[in-house]
Amino acid sequence: MLRGSPERELAAWWEAEAVAGTKAQAANEQVRVDSGAAGEPERKAGEEQPKEPAPAPPCAAEEGDARIPPRPPPTLPVSLVKPEPVSGLCPHGKSRIKGRSCKRSSGQPDEYCSLRPVTVDSSKARTSLDALKISIRQLKWKEFPFGRRLPCDIYWHGVSFHDNDILSGQVNKFPGMTEMVRKITLSRAVRIMQNLFPEEYNFYPRSWILPDEFQLFVAQVRMVKDGDPSWKPTFIVKPDGGCQGDGIYLIKDPNDIRLSGTLQSRPAVVQEYICKPLLIDKLKFDIRLYVLLKSLEPLEIYIAKDGLSRFCTEPYQEPSPKNLHHIFMHLTNYSLNIHSGNFIHSDSTSTGSKRTFSSILYRLSSKGVDIKKVWSDIISLVIKTVIALTPELKVFYQSDIPAGRPGPTCFQILGFDILLMKNLKPILLEVNANPSMRIEHEQELSPGVFENVPSLVDEEVKVAVIRDTLRLMDPLKKKRESQSQLLGKSLASKENPPHSDLASASQGNANPDAHLPSICLKQVFPKYAKQFNYLRLVDRMANLFIRFLGIKGTMKLGPTGFRTFIRNCKLSSSSLSMAAADILYIDITRRWNSMTVDQRDSGMCLQAFVEAFFYLAQRKFKMLPLHEQVASLIDLCEYHLSLLDEKRLVCGRSGTSSASRLQPSGTPQEAAPPAPPAEGRPQPCTDGAHKVSHSRHTVS
Ligand code: ADP
């Protein structure tokens, strides 16, 4: 956990907003009419069984035909239905209907009414459909529930990037995200960061990957126990790709027979169990926070101000052989606890077995807890986790959407599951690529009779997250803003009477979001980039890796690509011959390919490349800590590559008459060759970050 003033400042704004929001919410609750119970499973990709038949496209449907009825929108409790905003109307009070422009009597610019609504294809939205519909309605955008022949601005997918073939617009999934957040892949990505920055990444429990690391797990536990016989750890075994607590169990002894029994059949992660969680009402709980990855390059991260807290239903006791199997005591999954007789559906967002996170913060703050610090640590955890995930995501991205070919841009809402320890330190449990966006849950009215009931807590949090994600991604926002500015100017110059229809419409239109609540997503990156950019070493390694991949669409480096990397970065020397580099490639690649399930491409994956890179860095810069060795080698590689690019640029210029229009071949690099890095002598920054001797091309 990071300490110190800069990080404490990170969340200064947050406390005010979160607590203010909670106070308002607490006040609202007193007047809110009972309208159903809270709760529904926080499902993930795995459980959202992907292959439900897609709705058939309507044969006779006209483009944009508002008569095509989608699934009826969910019925909302009266208190939740927001009044229809008026600002989506054109200045004359007429709604914007496609193909029918507004008649103007005052000579306003034609574009004023011609701005079409943003179009959203919701045909693959699945369980997020209800919350998405409400969001689109609130924004006055146009939904295409059965898809559209023409491209849409935004495509909303329920499961993955590949739900649909899209060539333009924006899609709410990144290629590769589902793979990246699987338990094993996430543990591997975090472990690389833990090797480089152990202090900064101590928010993730120590984990071992099964079956590969079973012997290592047993040996390491024995070693620690030998050193400290009073250590009585508990471990949690989680199947890879599992969800909703499925197949999870606790063990005290690594040699537990069940563990060895399932070892070969199901890959899993075994993890140190956090024995001292923060309790509320004597119950363990976890937090589901929503994080928007708005862009990968440059990196842009937003966090939702509110999330959900899911409670256990049996009072917590530290694990002992007697209670290890009490799932209602140890696992916070909604899908498990809903089956407990103690589960409380509540109409309030601050009581019951599922509550808003802001209600928890409010309660903690009333007990004197420094919630600024809690938020600051959570923000830090989120940024660091995303930094661990992005390098490989970039590899997926360039494979699915190669540069220079048509393709959509991506964004994604992620669900972060976080546990607060008794000392308030946040611990990352897992990241969900498809956090449940359901806003209703099934309730058994009488034996065997079920009904879908709106869930207040879910709706309050999730609709805001989807709607505000759309607002942030709005492709027409700039256009709309510049048009309303233009109009404002033109109105001012015409000295319209202050109460004319047009003048007031212009004021309304100057801020088309005026009818909406303030945005619930807060930018944390690049806002706090300065404090975290030093961690982005693997990101820079991924840029090198991608540069040498060669064939578009591949994700693995071939032997020739690796040789070119060694040669172009001038890494071979008397102590590392090209033959030795070849052997390094073969050794590491073979080992990684035997461990990973994905056998589609042969060659070296990014993690294998990172391992080779660490090895080369350690050889070259012997006396430094690992992250400085690695940073020095990256500097050196980037330096030689920028020289090479410069050389190619010069050759290109001299070789053609239209030299000024030529670009350097290969990955764009800095225009001028920087000064060479001081090999083996990195200069530490005052903030402890490794200072590079030339500009980093990956950092936004
Ligand atoms: P799943 O994807 O199946 O829900 P999780 O990793 O979220 O798997 O784990 C399920 C639950 O187990 C969590 O919600 C949490 O309550 C508990 N849990 C998971 N990991 C730990 C841990 N390391 N220490 C304590 N509790 C944990």
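Trainee: Which residues of helix 17 are buried?

Mentor: This is a predicted model, and helix 17 spans residues 537-547. Ten of its eleven residues are buried, so the helix is mostly covered, with buried meaning under 20% relative accessible area. The buried ones are Leu537, Val538, Asp539, Arg540, Met541, Ala542, Asn543, Leu544, Phe545 and Arg547.

Trainee: What covers the buried residues of helix 4?

Mentor: Ten of the eleven residues of helix 4 are buried, so the rest of the structure largely encloses this helix. Among those buried are Leu129, Asp130, Lys133 and Gln138. The cover includes strand 1 (119-124), strand 2, strand 3, strand 17 (440-446) and helix 13 (456-473).

Trainee: Where is Lys570, and is it buried or exposed?

Mentor: Lys570 sits in the loop between helix 18 (559-568) and helix 19 (578-595). Phi of Lys570 is positive, near 55 degrees, in a residue other than glycine. At 53% relative accessibility, Lys570 counts as exposed.

Trainee: What is the strand order in the open sheet of five strands?

Mentor: Strand 2 (142-144) and strand 14 (409-410) each pair on one side only, so they are the edge strands. Inside the sheet, strand 3 (residues 154-157) pairs with strand 4 (residues 170-171) over two bridges in the parallel sense. With parallel pairing, the order is 2-1-3-4-14.

Trainee: Which residue in strand 4 does Ile154 stand opposite?

Mentor: Strand 3 covers residues 154-157, and strand 4 covers residues 170-171. The two pair in the parallel sense. Opposite Ile154 stands Gln170.

Trainee: In strand 16, which residue is the bridge partner of Asp417?

Mentor: Strand 15 (residues 412-420) pairs with strand 16 in the antiparallel sense, over six bridges. Strand 16 runs over residues 426-432, and six of its seven residues are buried. The partner of Asp417 is Glu430.

Trainee: Which residue takes a positive phi in the hairpin of strand 15 and strand 16?

Mentor: The two strands pair in the antiparallel sense. Five residues lie between the strands of this hairpin. The one with phi near 75 degrees is Leu424.

Trainee: Which residues are closest to the centre of the largest cavity?

Mentor: The whole structure holds nine cavities of 30 Å³ or more. About 440 Å³ of space lies in the largest one. Its lining has 31 residues, and the closest to the centre are Asp286, Thr332, Asn333, Leu429 and Glu430.

Trainee: Which elements give two or more residues to the lining of the largest cavity?

Mentor: By class, the lining has eleven nonpolar, nine polar and eleven charged residues. Glu430, the bridge partner of Asp417, is among the residues closest to the centre. The elements that give two or more residues are strand 6 (235-239), strand 8 (268-272), strand 10 (283-295), helix 10 (334-337), strand 15 and strand 16.

Trainee: Which residues are joined by a cis peptide bond with omega of about 5 degrees, and which with omega of about 15 degrees?

Mentor: Pro298 lies between strand 10 and strand 11 (300-304). Pro526 lies between strand 19 (521-525) and helix 16 (529-532). At about 5 degrees the pair is Glu297 and Pro298; at about 15 degrees, Phe525 and Pro526.

Trainee: Over which residues does pLDDT stay under 50?

Mentor: The mean pLDDT of the protein chain is 79, and 73% of its residues reach 70 or more. Where pLDDT is low, the predicted coordinates should not be read in detail. The stretches under 50 include residues 18-113 and residues 657-674.

Trainee: What percentage of the residues in the protein chain is buried?

Mentor: The protein chain has 21 helices and 21 strands. Of its contacts with a separation of 6 or more, 72% join residues 24 or more positions apart. Of the 700 residues, the buried share is 54%.

How values were computed:
Residues numbered from 1 in each chain as written. Predicted model: local features only at pLDDT ≥ 70, side-chain atom pairs only at ≥ 80, totals over all residues. Heavy atoms only, no water. pLDDT = per-residue confidence, 0-100. Contact = heavy atoms within 4.5 Å. Buried < 20%, exposed > 50% of the residue type's maximum accessible area, 1.4 Å probe, protein only. Helix = DSSP H or I, 4+ residues; strand = E, 2+ residues; numbered from the N terminus. 1 Å grid on protein atoms, 1.4 Å probe; cavity = no way out; pocket = protein on both sides within 12 Å on 5 of 7 lines; lining within 4 Å. Points joined across faces, edges and corners; volume = space filled by probe spheres on them. Nonpolar A, V, L, I, M, F, W, Y, C, P; charged D, E, K, R; others polar.
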